[in-house]
Amino acid sequence: MTHSPFTRRHALGALAALGGSALLPAAAQPAAYPSKPVELIVPFAAGGGTDVLARALAEAARPHLSQSLIVINRAGASGGVGWAELVNAKPDGYKLAIITVEITMIPHMGVVKFTSDDVTPIVRLNADPATIAVRADSPYKTIEEFLAAARKAPGALRVGNAGPGSLGHLAAAALEDKTGTQFNHVPFRGANPAVLDLLGGHIEAVAVTPVEVATYVAAGKVRPLAVMADKRIAAGWEQVPTLRERQIDLVIQGWRGLAAPKGTPPEVLAVLRNAMVKALQEPALRETMAKQNMGEGYLDEAAFKALIARDNASFRQLIHKLGIKPV
C-alpha cells in the first residue's frame, strides 16, 4: 500500500506536534550531566591542606561521577583569584571550586568585589580549627612562652599565614587582641609556602589549620603550641592544648566545602551532592583525612548555607572591630 504525499505530510506534522524531540536522533538528545570532565578550582597553592583534600576528593568521586574532576590551582588573594573565576564561570556545572571559611572574610577587607552570596554552596566537606605552630627546635615550648616573647618584643615575632584575610591571619590577629600582644604578620600565597618558610627558619611561627602541618608534626619537625577549638583534637595531637585550657577564650574554626557558580541548575547540584556524599564515605578519602588530621564535618546544602551566613556575620564584626586590612 502506498501513501499519498498529502497523508505523509500530515503524519509528519502530527509527529512534530507531539514534540520536535521525537524526530531527533538519539545523539541529538541533551547529554546527561556530566558529559565531560569537570574543573575543580583549588584557590590555594599546591601542597596545602585544601589542595590535599581536593585531590583526594577527586579520586574518591571517580566511582560516583561519570566524568573526572580535574583539579586546577588558582592561588592568590587568600582564595580570591580562584573564587573570582568561579563567580564569573558559566553556571553549567563544569567549573566548581573548593571554598573555605576565608570566603566569609576577605570581602569585608576589600580584597575582592564579590561575597559568599555570589556562589552556590553544595556540601561542607570538613571542619578544623586554627593552630599556632613553631619549629620543633624553637625555644618556645608552650603558648605561654610564645606570648611572653611577643609581649617582650612587640612586632618582632614573625607569624606566617596563607595570605591577607586568611583564617590564619584573622586567628593570629584575634589572638593579639585577646592577649595584648603584637605579631609581625607575614602573608604567603597559601599555607604550604608559609610552612616551608617556617621549616627554613625564616619565620618564628605559622597560624594555619592542623592539616597544613600534620605531616611535619608527625615527622617531628613542627610543634603545635595550641589549637583554637572547643576541645582537643585527635590523630597525634591529643597533647596539644586548646587556648581555652590556657585561659584564653578564643575559638576560630575553619572549614572546606564544594561550591558552584550561582544559577547552576538544581538537577546538576543534585548529581554533585549525591556524588559527594558517597565520595566522603570512600575508605581511601577517610584515611587521607584522618592521616592529615582533617576534622570530619559534612553538612548538607541548607546547613552549610546557614553556617556561611553565621560566619559571614561574625567575621565581618571581628574585621571591623580589629580594623584588619590587607598587608
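**Exercise 1.** In this predicted model, describe how helix 6 and helix 7 pack, giving the angle at which their axes cross and the handedness of the crossing.

*Solution.* Begin with the geometry: the axes of helix 6 (residues 191-199) and helix 7 (residues 210-218) come within 10 Å, and they cross at roughly 35°. Next, the sense of this crossing is right-handed. Then turn to the residues that meet, where helix 6 contributes Ala191, Asn192, Val195, Leu196 and Leu199, while helix 7 contributes Glu212, Val213 and Tyr216.

**Exercise 2.** Decide whether His185 is buried or exposed, and find which side chain makes a polar contact with its own.

*Solution.* First locate His185, which lies in strand 7 (residues 184-187). Its relative accessible area is 18%, and because buried means under 20%, His185 counts as buried. Beyond its neighbours within four places in sequence, His185 is in contact with Val159, Asn161, His169, Ala172, Ala173 and Glu176. From that list, take Glu176, whose side chain makes a polar contact with the side chain of His185 at 2.9 Å.

**Exercise 3.** Identify the strands that pair with strand 5, and state in which sense they run.

*Solution.* Strand 5 (residues 131-135) is mostly covered, with four of its five residues buried. Take strand 8 (residues 205-208) to begin with: three bridges join it to strand 5, and the two run antiparallel, with Thr131 having Val208 as its bridge partner. Strand 9 (residues 222-227) also pairs with strand 5 in the antiparallel sense, over five bridges, and here Arg135 stands opposite Val222.

Key:
Residues are numbered from 1 along each chain as its sequence is written. This is a predicted model: local features need pLDDT of at least 70, side-chain atom pairs count only at pLDDT 80 or more; totals for chains, interfaces and linings use all residues. Side-chain values use heavy atoms; hydrogens and water are left out. Axes are lines fitted to C-alpha atoms, for helices over the stretch in contact, and angles run from 0 to 180 degrees between N-to-C directions. A crossing is left-handed if the near helix is turned anticlockwise from the far one by less than a right angle, and right-handed if clockwise. Contact means heavy atoms within 4.5 Å. Buried means under 20% relative accessible area, exposed over 50%, partly exposed in between (1.4 Å probe, protein chains only). A polar contact is a pair of N or O atoms within 3.5 Å; within protein, one must be able to donate a hydrogen and the other to accept it, and residues adjacent in sequence count only if both atoms are side-chain atoms. Two strands pair if DSSP finds at least two bridges between them.
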